[in-house]
Amino acid sequence: MSIKIENLIHTYMPNTPFEKKALDDVSLEINDGEFVALIGHTGSGKSTLVQHINGLLKPTSGKIIVDNVDITSKEVKLSLVRRKVGLVFQYPEYQLFEETVEKDIAFGPKNLKLDEKEVETRVKRAMKMVGLDYETYRNKSPFELSGGQKRRVAIAGVVAMEPKVLILDEPTAGLDPRGREEILGQIIALHKEYKMTIILVSHSMEDVAKVAERIIVMHKGKNILDGKPNEVFKHVDILEEVGLAAPQITYLMLKLREAGMNVSEEVFTIEQA
Ligand code: ADP
């Protein structure tokens, strides 16, 4: 299932003093089974871009074609688009609200009017996919879990809708190093074991260097670099100019890891400029 974006422009609050062109002629294609990271400084247009891919935002102009369907056309049912493209928002655990983990994850599938057995099957499968043991966690309150576990429950809620493409907007934000590793590891598993197409939004070069097969750099609403990590990291000058700090160090870290060396987080803690 491919995603094709053609000449996408998005302007917030047009014809007002607050007018803001958040996407400025973005064209790109994401193929079935890819693991793509969308990286860029805060305000570069990452969130705006991904919200177009599942139809949450409508373009000012341009086209978005998901699975050969132009989702910007009026006839398209957005509920069907959202079953194909799942979006995990920033801080998704804020949207947990049910008494138990099981009920929370079941909420989406229930709305699809699936029978009870199928809902249960999906909850079990989704929990397995995010590495939460069903019997251990099903009856726990989401609120008694750790940060990383809560986030896994929230991700499972989207995974239970069984989308082909999973978009995660800053999935490690606000977690401690252990929680970050936990979530990144789980996202890699969703890609490798369950063959999901992953679009990871991040402003952390460090996270992205560890996991993505392709990196798209956003700057002022444009996709300015796009390629395999080692290709993108060659453009150190551009990366520094757009505020993605210390790419050389990240690149070095990536190379050392590729060579099988165990590089500690403390040595290469990279803060955003
Ligand atoms: P990122 O995800 O890279 O941080 P965003 O897509 O959130 O970037 O934002 C891109 C630009 O659009 C920013 O200048 C931001 O202030 C603006 N913007 C985002 N959401 C809104 C909104 N709802 N209304 C007006 N401007 C917005």
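Residue numbers start from 1 in each chain and follow the sequence as written. Because the model is predicted, local features need pLDDT of at least 70 and side-chain atom pairs count only at pLDDT 80 or more, while totals for chains, interfaces and linings use all residues. Helices (H or I, at least four residues) and strands (E, at least two) are DSSP runs, numbered from the N terminus.

The shell around the ligand consists of Tyr12, Met13, Lys20, Ala22, Gly40, Thr42, Gly43, Ser44, Gly45, Lys46, Ser47 and Thr48. Sorted by class, the shell has three nonpolar, seven polar and two charged residues. Here Ala, Val, Leu, Ile, Met, Phe, Trp, Tyr, Cys and Pro count as nonpolar, Asp, Glu, Lys and Arg as charged, and the others, Gly among them, as polar. Strand β2 and helix α1 (46-53) each supply at least two residues of the shell. The largest share, three residues, comes from α1.

Helix α1 is largely enclosed by the rest of the structure, because six of its eight residues are buried. The buried residues are Lys46, Thr48, Leu49, Val50, His52 and Ile53. Burial is counted from C-beta atoms placed from the backbone: a residue is buried if 20 or more others lie within 10 Å of its own, exposed if 12 or fewer, and partly exposed in between. Gly55, which follows α1, has a positive phi near 80°.

**Helix packing**

Two packed helices are described by the angle between their axes and the distance between the axes. The axes are lines fitted to C-alpha atoms over the stretch in contact, and angles run from 0 to 180 degrees between N-to-C directions.

| Helix pair | Angle | Axis distance |
|---|---|---|
| α6 (147-159) and α7 (177-192) | about 25° | 8 Å |
| α3 (101-111) and α4 (116-129) | about 120° | 9 Å |
| α3 and α6 | roughly 30° | within 7 Å |

Angles under 35 degrees count as roughly parallel, over 145 as roughly antiparallel, 65 to 115 as roughly perpendicular and the rest as oblique. A crossing is left-handed if the near helix is turned anticlockwise from the far one by less than a right angle, and right-handed if clockwise. Two residues are in contact if their C-beta atoms, placed from the backbone, lie within 7 Å.

Helices α6 and α7 pack at about 25° with their axes 8 Å apart, which means α6 is roughly parallel to α7. Their crossing is right-handed. On the α6 side, Gly147, Gly148, Arg151 and Arg152 meet Arg178, Gly179, Glu182, Ile183 and Gln186 of α7. This contact of α6 with α7 divides into one nonpolar, four polar and four charged residues.

Helices α3 and α4 pack at about 120° with their axes 9 Å apart, which means α3 is oblique to α4. The crossing of α3 and α4 is right-handed. Glu102, Ile105, Ala106, Pro109 and Lys110 of α3 make the contact with Val119, Arg122, Val123, Ala126 and Met127 of α4. By class, seven residues of the contact of α3 with α4 are nonpolar, none is polar and three are charged.

In the loop between α3 and α4 sits Leu114. Leu114 counts as partly exposed because it has 15 C-beta neighbours inside 10 Å. Leaving aside residues up to four places away in sequence, Leu114 touches Pro109 and Val119.

The axes of α3 and α6 come within 7 Å and cross at roughly 30°, which means α3 is roughly parallel to α6. The crossing of α3 past α6 is right-handed. Val101, Asp104, Ile105, Phe107 and Gly108 of α3 are in contact with Val153, Ala156 and Gly157 of α6. The contact of α3 with α6 has five nonpolar residues, two polar and one charged.

**Single residues**

Asn7, in strand β1 (residues 3-12), has a positive phi of about 45° although it is not a glycine. Asn7 is exposed, because 12 other C-beta atoms lie within 10 Å. Asn15 is in the loop between β1 and β2 (20-30), and its phi is also positive, near 60°, in a residue other than glycine. Asn15 is exposed, with 7 other C-beta atoms within 10 Å.

Ala189 belongs to helix α7 and is partly exposed, with 14 other C-beta atoms within 10 Å.

Notes: A residue is near a molecule or strand if its C-beta atom, placed from the backbone, lies within 6 Å of it.
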